[in-house]
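This report describes selected local features of one protein model. Please keep the sequence and the structure in view while reading.

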Amino acid sequence: MSHAITSTYRFQLRGDRFTLRDAASLVPYLAELGVSHVYLSPILTAAEGSTHGYDVTDPRTVSEALGGRAALEDLVAECRSHGLGVVVDIVPNHLGVATARENPFWWDVLRHGRASQYASWFDIDWAGAERIALPVLGDDADVNELSVDRSGDEATLAYYENRFPVDPATDDGGDDAKALHDKQSYELVGWRSGRIGYRRFFSVSDLAGLRQEDPAVFDATHAEVGSWFRDGLVDGVRVDHPDGLTAPAEYLARLRGVVGPDSWLVVEKILTAEEPLDVTLPVDGTTGYDALADLGGVFLDPSGEEPLTRLSSDVTGHAGDAHWVHEAERTIKADTASTQLAPEVRRLVAAIARDTGTSFDADLAREAVTEIVARMPVYRSDYAPLAGMLPRLLGDVAADRPELVPALDVVAAAVAARGEASGRLQQVAGAVMAKSVEDCMFYRTSRLVSLQEVGGDPSRFGRSVPEFHLRLSERARLWPAAMTTLSTHDTKRGEDVRARIGVLSQVPDLWRACLSDWEEQAPSPNGSTGLFLWQNIVGTWPTDGVVTDEYRERLHAYAEKAIREAGSYTGWNDVDEDFESAVHTWIDGIVDGAVAPSLTTFVQQIAPHAWSDSLGQKLLHLAGPGIPDIYQGTELWEDSLVDPDNRRDVDYDARKALLDIDGTPALDASGAAKFHVTRCAARLRRDRTDSFVGGSYVPVFATGAAADHVVAFGRGPAECDADVVAVATRWSMRLGEAGWGDTSLALPDGEWTDLVNGGSFSGTVTVSSLLSALPVALLVRR
């Protein structure tokens, strides 16, 4: 690795708004901020107009819309001139096929079928049908609406603005589109037909799965990525969704060979609550959702769990506790496997038949598979630490559903054969988990929505300090170079929104009273929708009470996405216009009505405590084990909700202006305090690399009346005493009038300087003197 990696700064690139050259112009700012690496969203050629880059259409080239290879090289040169390196996000699981002509490989496969030189690239169900089913029509009958377009160099089949290739060997020069269509290697079918001829990314038919298990496919799709390392341009990669691949461990071993033994390699592996990362994988760690749950969880007040559970039960009819969450998850997963992902389940059952060479009741087998994936508590169970999980699941299903035993027999035989079905079962399980939990259940439960984050568990109410310390200690020991994060392009809510919502755990009675008043003045369409959206409104409501048109539009867009994802009263495929209209009318009523002043008063009351928690989690993130990523713009307060809201433009002029801050800024709405803490910590990481990357982790405990309001730890070079101590306040609202009192902290030997608040300390110090200006401290031994 050409540059020691201490922290990253994530840029969301897009051809129309923020290119590689725009990123290069901000390198001097990032160098001043203190990060070591620029972290780029996907840069390979993607669908025209792509706003995110995950719909790659040509993995052989850097996107010209982003500036092309030349712009990448210029960005790298600019980074090097300022002592920074570059990390890039790569997408091995799928390619974008929404506009077939934009993807030359997909176009060729559609044109030539099995004879295409790229037929082995895509995970196409060649065994399931002679033709590739493409679910692009309004309904099956629309095949009669096709026409032949002969305006270009080759004939194509036209369906409105969409074009599909024609195999020249089948073209008789006529205009009978239906007859010509019937001769092609693909078949256009209705999008509701439940037919699809290839593996998708989850249920997104515009993203076709790749067969990275084929070495030739891997080599072809990683040639450009490999050149970045050979040419010394890139120091590491983030791998998007490896769980979607047939054999993730084999893929990562092959990728490690491409990037080299010393390059940084992290994976978007979503770990569930009790799941460890497989230490046999040749990676440096995950992309940090596990860390996010720890860093945010330690600031939640456990005393709020019972009253918030009662509130959820009273308002929505369900408690939102562990029992409800786990039962709901299982029910939703079974439904998802039977509906959205039914084509994937059918293909899996067909693979089981081929792998076992036996005949069986296919309906019973589908039911058995559905039971298995509905019960699987992880995205996939074929990683080394999870050995034994799948057999136990089959045993549980057999005990509960003895009528499924004959089908379970063939499932077991297929998995034992280690053929196609073995890997496909795991792929289906991951897709079912993502679509059911992240994209549905997290929008249906609402006890405390800040817990509903990717990789999170809303049934677990935060982290105790002892658990927090042990989790971070394990990360320091096992995964010292894992990425850690607080916000990403995939988070359901930004870090500061979660922090503000989390404060409700400290004031559950006040929250209940306010909610009751607001519901009386502006009744929500129903209890579950209301409780969910009220929290997100509180989390983002402007502290000055000034509601701009932009904010109003963002609220409406978020509410519409949230209620459709929940799928309880409306949905993406079956929109209930009356219900959605009622939700939009309700939101306008809040913004324009009598509730707004009360909302502003409440938000002003909790905002300082939310800022305190935000600073605390930011400091613990940047000082803690792993490699922290700063998502674009989050060096200031941010009010982002789920994508695309969290990919909005960032005002970098406002951030650059803060580089001239002198002294410790106030904890106020400007966000200057967050910028100050971020810069202090990032610069210290860069200056004392050995104390953070691979360094020691030592819990530090306060004593006194308010000791449980402190979370602190020391960092230092491996096997040496700590030379850095990070201190954060939690439950600040509950400190109340009593304040810190006699609460004190015993510092390790030596003289210590606080980079955040200023001042020098040694020995045992009172917390009130330590946290004199801001509710956090970053102490460095002289």
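**Terms and basis**

A polar contact is a pair of N or O atoms within 3.5 Å; within protein, one atom must be able to donate a hydrogen and the other to accept it, and residues adjacent in sequence count only if both atoms are side-chain atoms. The model is predicted, so local features need pLDDT of at least 70 and side-chain atom pairs count only at pLDDT 80 or more, while totals for chains, interfaces and linings use all residues. Residues are numbered from 1 along each chain as its sequence is written, and side-chain values use heavy atoms, with hydrogens and water left out.

**Surroundings of Asn-103**

Asn-103 lies in the loop between strand β6 (94–96) and helix α4; helices (H or I, at least four residues) and strands (E, at least two) are DSSP runs, numbered from the N terminus. A polar atom of the Asn-103 side chain lies 3.0 Å from the backbone oxygen of Gly-96.

Asn-103 is buried, with a relative accessible area of 0% (buried means under 20%, exposed over 50%, partly exposed in between, with a 1.4 Å probe and protein chains only). Leaving aside neighbours within four places in sequence, its contacts (heavy atoms within 4.5 Å) are Val-56, Thr-57, Leu-95, Gly-96, Val-97 and Phe-122.

**Strands β3 and β4**

Five of the seven residues of β4 (residues 56–62) are buried. Strand β3 (residues 44–46) pairs with β4 in the antiparallel sense over three bridges; two strands pair if DSSP finds at least two bridges between them. Leu-44 has Val-62 in β4 as its bridge partner.

**The sheet β8-β9-β10**

An open antiparallel sheet is formed by three strands in the order β8-β9-β10. Because β8 (147–149) and β10 (162–165) stand at the edges with a single partner strand each, one side of each is left without a neighbour in the sheet. From one strand to the next, the twist averages 40 degrees; axes are lines fitted to C-alpha atoms, for helices over the stretch in contact, and angles run from 0 to 180 degrees between N-to-C directions.

Helix α4 (residues 104–112) packs on this sheet and touches β9 and β10, its direction making about 60 degrees with that of β10. Three bridges join β8 to β9 (residues 156–159), and Asp-149 has Thr-156 in β9 as its bridge partner.

**Helices α18 and α20**

Helix α18 (residues 495–502) packs against helix α20 (residues 527–540) at an angle of about 115 degrees, with their axes 8 Å apart. The two helices are therefore roughly perpendicular (65 to 115 degrees; under 35 is roughly parallel, over 145 roughly antiparallel and the rest oblique). Val-497, Arg-500 and Ile-501 in α18 meet residues of α20 including Gln-535 and Asn-536.
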